[in-house]
Amino acid sequence: MGKSLMLLAILYLIVLSSKAKAQSLDVKTLEISDTKNAELLSKIEHFKSLEKLSIVCLEDLKELPESIGELKKLKELNMDNGNGCSMNAKLPESIGNLSELQILNLAGAQYTGIIGKKTKLPRHPLPQSLSNLKKLETLNLSKNGFSEIPTIVSKIPNLKHLALNFNYFENLPDWLIKSSIVEISLGDNCKITGNNQKQNELSKRFPKIRFDFSNQYDCE
């Protein structure tokens, strides 16, 4: 009788452990950072219920895993690394499988400047599969050293908000006239934010777009 009770107790603990593990993966919001839980990124496909994923300060990360494309419920992918750390991770083509994605924040996540002892990193092209993201409305490419908008951005079908702050833009392409974009942030692109004439020119060329020319660092 004693052995039977012990066996039942062990089975009960196993069931509890399995339920706890399942519940730990059944989360809607997750932040992965270098200081806490970076290893979870290699298991990201198990978090099927995720709606918001933040990846912060993984400066040694070479690329996102292909398995990120399995997060079918993901609505927001946040890789904002513009404050105090920088990343240069390659994005996989599987990102185009995130059919519910509405917000993609890559501020500082495609940085090609100095990270650690390296002085110049390669510019990873954005995935061509971004054109598959029909629900993507907000894209943040701030603080990545861009001087031109990557061509694939023009193929995102329903993009509404584009952030290009803290880059090196001097002008914008004509394809924006026919795009679905209604708002562009160009703060601290000094060739523009320090030039009232250029701002007026852009506003006239693209009358359907609201511009934010914030000049936080007083470009001249």
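Is Glu-201 buried, partly exposed or exposed, and what is its relative accessible area? This tour of a predicted model begins with that residue.

**Stop 1: helix α3**

Select Glu-201. Glu-201 is partly exposed, with a relative accessible area of 33%. Glu-201 and Lys-198 form a salt bridge, in which the closest N and O atoms are 3.8 Å apart. Both residues belong to helix α3, which covers residues 196-205. They are three residues apart there, so about one helical turn separates them. Lys-198 has a relative accessibility of 15% and counts as buried, because the cut-off for buried is under 20% relative accessible area.

In general, side chains of opposite charge can pair when their charged atoms come close.

**Stop 2: Lys-48 and Glu-70**

Select Lys-48 together with Glu-70. These two residues form a salt bridge, with 3.1 Å between the closest N and O atoms. The pair links distant parts of the chain, 22 residues apart. Lys-48 is found in the loop between β1 and β2, while Glu-70 is found in the loop between β2 and β3 (76-78). Lys-48 is partly exposed, at a relative accessible area of 43%. Glu-70 is also partly exposed, at 36%.

**Stop 3: Lys-135 and Glu-100**

Now select Lys-135 and Glu-100. Their side chains meet in a salt bridge of 2.9 Å, N to O. Lys-135 lies in the loop between β4 (103-105) and β5 (138-140), and Glu-100 in the loop between β3 and β4, so this pair ties together parts that are 35 residues apart in sequence. Lys-135 is partly exposed, with a relative accessible area of 40%. Glu-100 is partly exposed as well, with a value of 26%.

**Stop 4: the nonpolar core**

In soluble globular proteins, nonpolar side chains tend to be buried together. The largest nonpolar core of this model has 52 residues. To find it, select Leu-53, Leu-77, Met-79, Leu-172, Ile-184 and Leu-186, the residues with the most contacts inside this core. Then colour β1 (29-33) and β2 (52-56), each of which supplies at least two residues of the core.

Which residues are in contact with Leu-53, leaving aside its neighbours within four places in sequence? Select Leu-53 and look for Leu-30, Ile-32, Ile-44, Ile-68, Leu-71, Leu-74, Glu-76, Leu-77 and Asn-78.

Key: Residues numbered from 1 in each chain as written. Predicted model: local features only at pLDDT ≥ 70, side-chain atom pairs only at ≥ 80, totals over all residues. Heavy atoms only, no water. Core = buried A, V, L, I, M, F, W, Y, C linked by side-chain atoms within 4.5 Å. Buried < 20%, exposed > 50% of the residue type's maximum accessible area, 1.4 Å probe, protein only. Helix = DSSP H or I, 4+ residues; strand = E, 2+ residues; numbered from the N terminus. Contact = heavy atoms within 4.5 Å. Salt bridge = Lys/Arg side-chain N within 4 Å of Asp/Glu carboxyl O.
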